[in-house]
Structure formats: C-alpha cells, structure tokens
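Reader: Hi! Could you walk me through this structure?
Author: Happy to, just ask as we go.

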Amino acid sequence: MAGGKGDNNATASVVRSTKERKKVTALCLTNSKDSNFGEWYSEVVTVSEMIRCHDIKGCHILLPWSMGIWKRMQNFFETEMEEMKVELCYFPMLASKDALQKEKDHIKGFAPEVAWVTRSGDSDLEVPIAIRPTSETVMYPTYSDTIRGHRKLPLKLYQWANVVRWELTNPTPFIRSREFLWQEGHTAYATKAEADKEVLEILELYRRLYEEYLAIPVVKGKKSEMEKFAGALYTTSVEAFIPNTGRGIQGATAHCLGQNFANMFDINYEDDKGKKAMAWQNSWAYSTRTIGVMVMVHGDDKGLVLPPKVAKVQVIVVPVPYKDADVKDMLNACSATVKTLCDSGILAKSDLRDNYSPGWKYCHWEMKGVPLRIEIGPKDLANNQVRAVRRDNGAKVDIPMTKLVNKVKGMLDTIQQSMFDVAKQKRDACIQVTKTWDEFIEALGQKKLILAPWCDEEEVEKEVKTKTKGATGSAKTLCSPIDQPELPEGTLCFASGKPAKKWTYWGRSY
Ligand code: 86X
C-alpha cells in the first residue's frame, strides 16, 4: 500500500465537494509487484498516467508523463548522433508493395505482421500500400540513388518514427504494442571494417542509454545464427533481465547487414579503380520498449520509480500546512524553492493545490515515481530548511536552504547511482552458471538468467527450445556476451556434450 490512508479509489472521480475530496487518499495500487506482476504492470502504467488505453487492441496513447521520458532519451541520443555525424532525416510511413517485395526473403516470417492500406474512401486502391513495419524498403531505394549518383560514402542517417507490426501475441504497453516509436539508424560504408566499428559504437550508446540513463544493467552481446535478423550478417543487442518474471528482454539492437541489402537494392559505388563495389550497411534501433523495461525493473508497490536522468519532473515540492500556521509564507517558500532549483537546471515543480491533502499528494507523486520530494512545513520554514524524501528508498534528509541546490544535485546523483546498483545486485543474483543439462533445467525452473558453455550449433539450440517448451514459452539464447569469460580448454557444451565454443546467456524471454 502507498504511504497514505489506504483508500483504493484510484480515480477519486466520485468525489464531489472539495471538503470530501480532501479526505480521499487515492492512488494506492491494488496489485503487488511480487504476487501479481502482469496486473501490477498494467495498473502502474495507467494510474501513473504514462499510458491511456485506445479502442484498437495493441495501440496505446502515450501521455506527457511517458513522452517526457522519451524526450529526454531522445536528447541524449541526438547529441551522440551529432558527435558521430549521423544525420537526422524523415522518410514516409508508407511503403509500396514492390519495394517490400524486394526484401521478400527476409519478410517471409514477418508477412503476417504487415498492415496494409487497401482503400481510400469508398474506392479500393489499385495496389495496396504497406504501413512500415521497419524502414529498409522505404529508405534503401534512396540510398541506391544517393550513393551511386554522388559517390556519397559513408551515408549515415537516422530518423525518429512510428512503426506498425500487427502482432498477434498478447500486447503489453511499451513492451509489445502494434504501433510503437523508435529511433532507426541506417548507414552505408565502403568497407566492412568501418561498418563493424560502428556496430560496436552504437551498441555502446545503447548500453549507456540503459545503464547511465535508465539505471538498468544490460549485457552487450551477439545473437546466435537462429536469433539474428535474417537480413543481417550478424546481429548484436543489449539484453536486460526482469527478475520478477525471470525473463530476458532485448533492449535494443544493432545489425551489420553486410552487403545483403546492397545487393537487393543495388546500393553500389565506384571504387578507386573505377570498379563497381557494393556498400557495407548497418541498421540499428531502440524503441519505446525501453520505457517498459524501466517500469518493470524499478517500479514497486507504490508505483513508478523514475531514474532522475530521465524523469520529466525530478523534484516535487509539497507544502505541508499545519493548523493556523501562515499558509501564504509556506506557499511562497515552495515557489521560491522551485525557482532556485529550476534556475540551476533541476527539473522541479510544486504541487500547491488546495483541494488535496499533503498525504494525497505524497501518494500521487510516489505513484508517478518522482525521484525526490521536498516537503516544506511550519517547522522547516522557521528553521530555514526543507525536508527531502527519496522515492527509491524512502530516506529522509533535512536540507538547510543555503545548501539547497548542491544537496539536491547530490541526492539526485546518489539516487541515479543507487538505482543502478540495486538493479544490478538483483540482476546478478539471478545469474546462474550451468554446465550440465540438469543444472540448466533446474535454473530455468528457478527463473534464472542462465550463462552456459555452448557448442554454438543450431541443431542443439533448436533441441533446447523443443525440450523446454511450456505454457510460458521456451528457453532460447539471449546473446553471447561480447566480453566473454574465460572458457577453459576442454569445457563441454551443457546441452550436447560437444566441445563448447563460447559462453552464452539463455532464458525465457519477452
Ligand atoms: C527486422 C531489422 C532492423 C531497422 C532493426 O532491427 C533495426 C532498425 N530494421 C528489423 N524486422 C523486419 O525486418 C520486419 C519486417 C517486416 Cl515486413 C515485419 F512485418 C516485421 C519486421 N520486424 C522486424
């Protein structure tokens, strides 16, 4: 239960008068994270006002509270793109059937997910038009023209876009929705070496996005042949883990496409000797799924817990009037506090509404996950101080007004670091090294993130999948970490008993 007076009325819409409204302590969650994770998640993302439901299944409205987080992630990424000289662009969301067909080998498995526009008004279109599930087919004809005509290599573009994939498996806000937002990068180089180098640079950006901004530990790794994007030479990803469900989740992905698409879309250039050569390409993306992973990893029974570096509001200032103390002075002190904080670049806001009690406001902003709450009551006013309360662990500190900015900055940094440390401790406690099949099965039953020596054979991977099939999906490879632990000579594959080639993470996944 949230720290208030225990009323499960989450909307307070039935309350009419201000007097009645004051009594209501709304916003306690009805589901707990540990006992009812799925329901808890849906409740948190709606009651915190991140998401609103839409009347088309699998589509969600992203409210300012989640878009504010997305915006801050965009800011980080745009700065890095500038640094890497990747340029912003925008391509249309509609793809012609012909262009999509060019990619038909890779699309085979995806075909059921493509949504088509077939009519305008009363008349059927002559040829249906696809809504992009990803933008290769929309972008690459242009890449062909640009690179051939102007010998423009490298070509490095990215865009912010919505994409539509008509998923049939249970939609979950942020995690799996039919329309989602992402950043997609598409680059072309003259050499494989340049493309290889960029894949690792992008992967490092994704690691930083998760670890430094979302405070979520991830593993950088390479996908198996079976799990890679069929159109890629190889696929890398950052993988996160949700301890409550024991599932891995792909956080973002960067592909080296090799020359596959260059051949399909005729993306070529004239090399030094005047000979036609095919470009080497990469593509990479992170999506609004990031927000869902953040909610799942950090949220608790009071609601969201937002890392300061992505929160839309970092500090909420709440007046705590007491009996006949001078309310006006207190409200002024709140406004002055907010101004001081904002002037120094901290995202602060006050909640001065007189129709809600302080207790109600505490619950409200806890539900929304604001990293730090500042309370100002008569005693604080008299002592020229404020009281700060951390969202992540509830710790309370009195801060002298004279040290406000420094102390608050320090606390926000501490919260950011501490959220990562706690998440990493929990994640690491779930990692289980297994060397035999029996150990593997036991660990899987215990919802572990499994690290096992593997022979890297597709047949074996398929067999593991079949043998572990259950109501909640089957175990699969998540990735082989780029930082490989030492693999002693003679180590055997946990599943086949053949010589192991690498360490690989396994588990059920989203
Ligand atoms: C794979 C590949 C790639 C650019 C990325 O992962 C990063 C950003 N694209 C995406 N993929 C598809 O190609 C695909 C194609 C169709 Cl037609 C579809 F309906 C769904 C798809 N899903 C993923």
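This is a predicted model: local features need pLDDT of at least 70, side-chain atom pairs count only at pLDDT 80 or more; totals for chains, interfaces and linings use all residues.

Author: One term to start with: buried means under 20% relative accessible area, exposed means over 50%, and partly exposed is in between (1.4 Å probe, protein chains only). Helices (H or I, at least four residues) and strands (E, at least two) are DSSP runs, numbered from the N terminus.

Reader: Which residues of H9 are buried?
Author: They are Arg-289, Thr-290, Ile-291, Gly-292, Val-293, Met-294, Val-295, Met-296, Val-297 and His-298. That is 10 of the 10 residues in H9, a helix that is mostly covered.

Reader: How do H2 and H9 cross?
Author: The axes of H2 (residues 37-47) and H9 (residues 289-298) come within 11 Å and cross at roughly 120°. Axes here are lines fitted to C-alpha atoms, for helices over the stretch in contact, and angles run from 0 to 180 degrees between N-to-C directions.

Reader: And which residues make the contact?
Author: From H2 they are Phe-37, Trp-40, Tyr-41, Val-44 and Val-45, and from H9 they are Gly-292, Val-295 and Met-296. Contact means heavy atoms within 4.5 Å.

Reader: New topic: how many residues are in the largest nonpolar core?
Author: It has 64 residues, and Met-50 and Met-294 have the most contacts inside it. A nonpolar core is a set of buried Ala, Val, Leu, Ile, Met, Phe, Trp, Tyr and Cys residues joined through side-chain atoms within 4.5 Å. Helix H7 (residues 192-213) gives the largest share of this core, 9 residues.

Reader: What are the domains?
Author: The chain is divided into domain 1 (5-24 + 304-426), domain 2 (46-298) and domain 3 (431-509). Those bounds come from an automatic or database domain assignment. The C-alpha centres of domain 1 and domain 2 lie 38 Å apart, and their contact takes 23 residues from domain 1 and 22 residues from domain 2.

Reader: Last one: is Ser-283 buried or exposed?
Author: Ser-283 is buried, with a relative accessible area of 4%. This residue lies in strand E14 (residues 280-287).

Methods: Residues are numbered from 1 along each chain as its sequence is written. Side-chain values use heavy atoms; hydrogens and water are left out.
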